[in-house]
Amino acid sequence: MLKAGAKSTTNLEMEKAMNWQKLVEGYGSNNGHEAIERLLSDVFAPLEKNNTLSVANKLWLQKYFCPTQCDNFINILKKSYKADMEELNFAIHAEKSREEINKWVAEKTNQKIKDLLPKGTVNALTRFVLTNAIYFKSNWMHAFDEKSTSQRSFSTYVGDEGEIQKTVSTMYQTEQFRFSGFLPASRYEVLEMPYEGEKISMVVVVPKTREDFNNMEKTISSIDLNRMLKELYEFPPSKLDVQMPKFKVNTKLDLKGLLYKMGMRDVFNPRTADLSGITGYRGMYVSNAIHKAYVNVDEKGTEAAAATGITIELASLPFQFLVNRPFIYMIRHVETNTILFMGRVMDPTAE
């Protein structure tokens, strides 16, 4: 959304950091904003119809500030991002405006994301605020029986070498799942658990050693993810004993430092930022970039702010997928492999 108003070097830095060209190519479009429009209509809209997913974008702008030159920027946001627009008076009522924006975000995420914008992030110099909210809730296709949940050991990584054993609430079931544990040479195991309707699934990746986990986290790419999923679908679903901890994640990230490391530098600099695509003139920059996420995984399914075929059993006893050490998870749209949420769990007892 911000890129729709970026020009010159500011725009080029954003394109590189966001891998914009890949997005354009991936959706067969000549324009990245049109590609996102297709993503919202092809992937998100059907999920929104059955109340599995909710996506909301909104532009908040200073009352009476935006000249007619803003029309192109606003039209792109409305058309490609389905963004609503609302005028607020930041200049006089900065704190009241901040509270109103936070209230909207909380409503759109079923009260899971609260106080997105902390005090001080909106002030009399604020002219625009862009917000994006996404909410997902779905039950597992194969729910875990709460009676089978028990306390089991989980190894958390501490410092450079040490590990601490913790007792965590662990779910258990035996069911048919796709699983890549048949590859003994692999440095990780992958499990896919579908949600109701099988349009969305959770993919859990458990590296086998601490070194494997660190290497994967540093180097994982879309190519790696596609390879993992290709390996996963080389085998039919198989009977599997799954032991997986319940977990809840509340994450807040200051994106300025992260985006700066990714190459987006001009946009945060008052002297070099070129956001003239918004108003027609320079003089504005990004003062804050904040992201909050909430994910809750339990026996029934997942809450986050995503037909079993004939199978061949390779053994009389089911294979095991034991999640007892740090892991990576992804909630994805199966048909397009669009990642909706992605994270890691180092300690299931922490939030």
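Colleague: What radius of gyration would a compact globule of 351 residues have, and what does the chain have?

Modeller: The radius of gyration is taken over C-alpha atoms, and the globule rule is 2.2 Å times the number of residues to the power 0.38. For 351 residues that rule gives a value near 20 Å, and the chain, at 22 Å, agrees with it. Along the principal axes, its C-alpha atoms fill a box of roughly 70 × 40 × 40 Å. The model is predicted: local features need pLDDT of at least 70, side-chain atom pairs count only at pLDDT 80 or more, and totals for chains, interfaces and linings use all residues. Residues are numbered from 1 along each chain as its sequence is written, and side-chain values use heavy atoms, with hydrogens and water left out.

Colleague: How many helices and strands does the secondary structure comprise, and what share of the residues is buried?

Modeller: Helices (H or I, at least four residues) and strands (E, at least two) are DSSP runs numbered from the N terminus. The chain has 9 helices and 14 strands. A residue is buried under 20% relative accessible area, exposed over 50% and partly exposed in between, with a 1.4 Å probe and protein chains only. Of the 351 residues, 46% are buried. The accessible surface, from the Shrake-Rupley method with a 1.4 Å probe, is about 18,200 Å², and carbon and sulfur atoms account for 49% of that surface.

Colleague: Which residues of helix α4 are buried, and where do they fall around the axis?

Modeller: An α-helix has 3.6 residues a turn, so residues three or four places apart point the same way. In α4 (residues 71-81), the buried residues are Phe73, Ile74, Leu77, Ser80 and Tyr81. They fall within an arc of 160 degrees about the axis of α4, so they line one face of the helix; the arc is that of the directions from the helix axis to the C-beta atoms. With contact meaning heavy atoms within 4.5 Å, these buried residues pack against α2 (20-26), α3 (32-49), β1 (53-62), β2 (84-88), β3 (128-139) and α9 (276-279).

Colleague: How many salt bridges does the count come to?

Modeller: Side chains of opposite charge can pair when their charged atoms come close. A salt bridge is a side-chain nitrogen of Lys or Arg within 4 Å of a carboxyl oxygen of Asp or Glu, and the count is 12. One of them joins Lys3 to Glu15, with the closest N and O atoms 3.2 Å apart. Lys3 lies in the segment before α1 (8-17) and Glu15 in helix α1, 12 residues apart. Lys3 is buried at 9%, whereas Glu15 is partly exposed at 27%.

Colleague: How far apart in sequence are the parts that Lys246 and Glu299 tie together?

Modeller: The side chains of Lys246 and Glu299 form a salt bridge at 3.5 Å, N to O. Lys246 lies in the loop between β8 (238-245) and β9 (247-254), and Glu299 in the loop between β10 (290-297) and β11 (301-304), so the pair ties together parts 53 residues apart in sequence. Lys246 is partly exposed at 30%, and Glu299 is buried at 6%. A further salt bridge joins Glu192 and Arg332 at 2.6 Å, N to O; Glu192 is buried at 6%, and Arg332 is buried at 4%.
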